[in-house]
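Please look over the sequence and the model first.

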Amino acid sequence: MANRSIHQQPFASNRVAGDVFMIDRSTNTLKLDESALPPTLLTAQVVIASADVLTMFTTPIQVIPAADAGTVYFVRGGIIEFANGSANYATNTNAMLVSTTTPTAPAFLASIASRTVVPLFSQTGTASVVAGDSVSITVQTGNPTAGDSDLTVTVWYYIQAI
Amino acid sequence: MPLPAISISDLSDAGPYDPKDKLQLQRNVLGSWQDFHTNIETYFGPVLTATFAWDGSFGWSENFEELGYIIVPLEMLALFTPGGSPTNQIAQIGMADVGPGATGGFIAEFVDTNEAQAVSLYPPAPYLCTTRYGLQLSGNIIGIDPLSGTLQITIYYVKAIPI
């Protein structure tokens, strides 16, 4: 490597297959391919208007766009925040993150019943997302009623090649 | 400091990483290997780690919060190290949000035996953050004695700024 300080080198703002790091292991200095390191945790965020929340059972909202061919998403967690409202959503308040093509299989659930807290998505079973599919948010059973808050949904996830 | 002049193993240990820590890498650009730098947050994402230790005594709890941020646990693991006099009692790890009106539940259960154990933890559903956006870990023993063993909990988490 060049005889320069780290900060003098160009900044790599993304991850590219084939990148190599220099490491020390025992008495050996080795190169380590990026594929041997943990995946990059990515963030997706959408703001959902109240009117769309009230139809979120019949019309799920996409949170993460479709994965590239040959890749699949691993959702790791998420939160929901409320804004601009004065009434709680009254029924059908179990929000879930799903693989868009199979919305009946909930992987992560969060309650939107109270607009004064920040619900964290909890994994409730085997989380499966179809390869190449997008991830959407919907609710169980039927459309919510009564509520008037906009939702900001933030999801953290990995992309894995298959 | 020119890197080739010193071995990495000779450097002082950094301890837990900081998301802004810089890393040096090489990338093949049009057939030529070139030097770059990045940082942990950019290359690996915003995940952070925190560790907590329960010495097996009664009444253990610890708050995990950072003013102005929502703590979002992504993955939680624990390692049980047996002590010299296993009690065979059941122990539970609890997690609740920090603040008034806390909600939560137990997130792991294990037995105080003479064997080391890996304990998987899971957030209670639904888990809520209230006014302080942090979480509280606690230990509960179903029995009358302190545990003989100890538990180390590692939480992989992200911080979110409330909207």
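Which domains does the domain assignment of chain A give? The assignment, automatic or from a database, gives domain 1 (6–36) and domain 2 (42–161). This is a predicted model, in which local features need pLDDT of at least 70, side-chain atom pairs count only at pLDDT 80 or more, and totals for chains, interfaces and linings use all residues. Residues are numbered from 1 along each chain as its sequence is written, while chains are lettered from A and ligands numbered from 1 in the order in which they are written.

**Overall build of chain A**

- Chain A contains 1 helix and 11 strands; helices (H or I, at least four residues) and strands (E, at least two) are DSSP runs numbered from the N terminus.
- Along the sequence the pattern is β-β-β-α-β-β-β-β-β-β-β-β.
- The radius of gyration of chain A, taken over C-alpha atoms, is 20 Å, whereas a compact globule of 162 residues would have one near 15 Å. The globule rule is 2.2 Å times the number of residues to the power 0.38.
- A box of roughly 65 × 30 × 25 Å, taken along the principal axes, holds the C-alpha atoms of chain A.
- The centres of domain 1 of chain A and domain 2 of chain A, taken over C-alpha atoms, are 36 Å apart.
- Of the 162 residues of chain A, 31% are buried. A residue is buried with 20 or more other C-beta atoms within 10 Å of its own, exposed with 12 or fewer, and partly exposed in between, the C-beta atoms being placed from the backbone.
- Of the contacts in chain A between residues at least 6 apart in sequence, 76% join residues at least 24 apart; a contact requires C-beta atoms, placed from the backbone, within 7 Å.

- An open sheet of 4 strands has the order β2(A)-β1(A)-β1(B)-β2(B), with antiparallel pairing. Two strands pair if DSSP finds at least two bridges between them.
- β2 (28–33) of chain A and β2 (32–39) of chain B are at the edges with a single partner strand each, so one side of each has no neighbour in the sheet.
- Strand β1 (residues 20–25) of chain A and strand β1 (residues 22–29) of chain B run antiparallel and are joined by 2 bridges.
- Across this pair, Val20(A) has Gln26(B) as its bridge partner, and Phe21(A) stands opposite Leu25(B).

**Contacts between the chains**

- In total, 44 residues of chain A contact 42 residues of chain B.
- Elements that each supply at least two residues to the side of chain A that touches chain B include β1, β3 (42–48), β5 (71–83) and β11 (150–161) of chain A.
- The residues on that side of chain A comprise 23 nonpolar, 16 polar and 5 charged. Ala, Val, Leu, Ile, Met, Phe, Trp, Tyr, Cys and Pro count as nonpolar, Asp, Glu, Lys and Arg as charged, and the others, Gly among them, as polar.

**Strand β7 of chain A**

- In a regular strand the side chains alternate between the two faces of the sheet.
- Strand β6 (residues 94–99) of chain A runs antiparallel to β7(A), with 4 bridges between them; Asn94(A) stands opposite Ser111(A).
- β9(A) is also antiparallel to β7(A), joined by 2 bridges, and its Gln123(A) stands opposite Phe108(A).
- Ser111(A) is partly exposed, with 19 other C-beta atoms within 10 Å.
- Ser111(A) and Thr93(A), 18 residues apart in sequence, lie 5.6 Å apart from C-alpha to C-alpha.

Notes:
Two residues are in contact if their C-beta atoms, placed from the backbone, lie within 7 Å.
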